[in-house]
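Hi there,

Here is the structure I promised to pass on to you. Have a look at it first, and then read on for my notes.

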Amino acid sequence: MGAQVQALSTAVDYVKAPLVYKGKVRELYDLGEHFLIVVTDRISAFDYVLDPAVPDKGNVLNRLSAFWFDRTKDMMPNHVVHTDVSLLGDTITAPELLKNRIMVTRKAERIDIECVVRGYITGNGWRQYEKTQAINGIALPEGLRKNERFPEPIFTPAAKNDVGHDEDISFERMVEMVGEELAIELRDRSLELYKFAHAYCKERGIILADCKFEFGLIDGKVILIDEIFTPDSSRFWSEGNYAYDVEIDSMDKEPVRTYLLGSDWDRDSRPDPLPEVVVTATTARYREIYRRLTGGELS
């Protein structure tokens with residue numbers, strides 16, 4: 001990689017198509033028959049989008065999603081049409097800048113459930129367990145230790161909320177929301193995908209602690225949408241760092257979280273711009289997880 005990599009905060013100046021939705025990281029454009037997703041380098045933490053953008057973050061997220069969608073397509077159909085910027089012609093005015101950041105997708109009706117699978121008791125799951133000895137209403141044995149692996153992964157859905165946090169719900173509540181048949185299919189598909197990726201990661205010295213999926217419907221059929229098994233949708237640990245009863249350094253934007261938690265930021269206002277050393281360290285994290293998962297380098 002060259003030393004100077006241009007970070008992309010938004011693609012609106014480079015896409016000649018209507019902007020439908022702007023998320024914290026992704027932008028969705030309407031191409032008519034299909035959607036165009038552009039993955040920017042924006043980074044968020046503690047519900048704030050931060051400055052500056054992190055070079056190569058969007059490249060990693062988009063290329064990892066494409067990598068995983070390709071490897072799971074026989075298990076579960078997905079929304080990908082292609083990731084070739086040259087096929088978009090003059091819709092993209094800066095193809096070299098966006099070449100690894102785009103995904104043209106089928107238009108699906110989003111199912112408003114975030115499908116979370118946990119293989120290890122950590123993060124929000126651990127916090128729930130400490131208070132209630134349960135996660136999303138699933139009663140668990142006494143005496144579990146933080147970061148311990150479950151005998152079998154558990155499915156802990158959340159109701160999607162476009163404003164504010166998604167709401168953890170029980171499987172029974174999910175059944176009420178989407179119906180039993182669809183709820184069972186989403187649960188079983190999510191667990192199957194997690195087990196596949198966990199085994200793949202393990203061969204590469206990485207632990208997939210937990211992850212989340214989004215699904216949609218096309219002509220009544222369930223497909224995978226959004227992103228899968230990226231550092232923004234999954235918790236990856238290096239096997240060498242695995243331990244009980246500690247905060248394990250995850251292979252994602254951990255340098256940003258660590259910096260903010262160690263600063264005098266008040267949590268009630270937008271943080272000051274991130275120091276260059278934190279941005280550089282975060283870029284390195286994203287590049288490293290890409291290299292370890294795919295065996296390739298960013299180009």
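Predicted model: local features only at pLDDT ≥ 70, side-chain atom pairs only at ≥ 80, totals over all residues.

Strand S1 (residues 19-22) runs antiparallel to S2, and 3 bridges join the two. Together S1 and S2 make a hairpin, with 3 residues between them. If you want a landmark for the pairing, Leu19 stands opposite Tyr29 in S2.

Another of them joins Glu114 to Lys160, where the closest N and O atoms are 3.5 Å apart. Here too the pair links distant parts of the chain, 46 residues apart: Glu114 lies in strand S9 (residues 113-120), and Lys160 lies in the loop between strand S13 (158-159) and strand S14 (167-168). Glu114 and Lys160 are both buried.

Glu247 and Lys146 make a further salt bridge, with the closest N and O atoms 2.4 Å apart. These two are 101 residues apart, and both sit in loops: Glu247 between strand S17 (234-238) and helix H6 (254-262), Lys146 between strand S11 (138-139) and strand S12 (149-155). Why does Glu247 count as exposed? Because its relative accessibility is 67%, and the cut-off for exposed is over 50%. Lys146 has a relative accessible area of 14%, so Lys146 is buried. Salt bridges with shared partners also build one network, made up of Glu114, Lys160, Asp166, Lys212 and Glu214.

Now for the domains. The domain assignment of the protein gives domain 1 (1-107) and domain 2 (109-241). How far apart do the C-alpha centres of domain 1 and domain 2 lie? The distance between these centres is 24 Å. In the contact between them, 19 residues of domain 1 meet 22 residues of domain 2. The two domains bury about 2000 Å² between them, and 68% of that is on carbon and sulfur atoms. Trp68, Met75 and Met76 supply 37% of the area that domain 1 buries against domain 2, more than any other three residues.

There is a polar side to the interface of domain 1 and domain 2 too: 7 residue pairs are in polar contact across it. Helix H1 (residues 57-72) gives the largest share of the side of domain 1 that touches domain 2, namely 9 residues. The interface between the two domains also has 2 salt bridges across it. While you are looking at charged pairs, see Asp232 and Lys57 as well, whose side chains meet in a salt bridge at 2.9 Å, N to O.

That is everything from me for now. Happy browsing!

Best wishes

Methods. Residues numbered from 1 in each chain as written. Heavy atoms only, no water. Salt bridge = Lys/Arg side-chain N within 4 Å of Asp/Glu carboxyl O. Helix = DSSP H or I, 4+ residues; strand = E, 2+ residues; numbered from the N terminus. Buried < 20%, exposed > 50% of the residue type's maximum accessible area, 1.4 Å probe, protein only. Pairing = 2+ DSSP bridges. Domains from an automatic or database assignment. Contact = heavy atoms within 4.5 Å. Buried area = accessible area lost by both parts, 1.4 Å probe. Polar contact = N/O pair within 3.5 Å; in protein donor to acceptor, adjacent residues only side chain to side chain.
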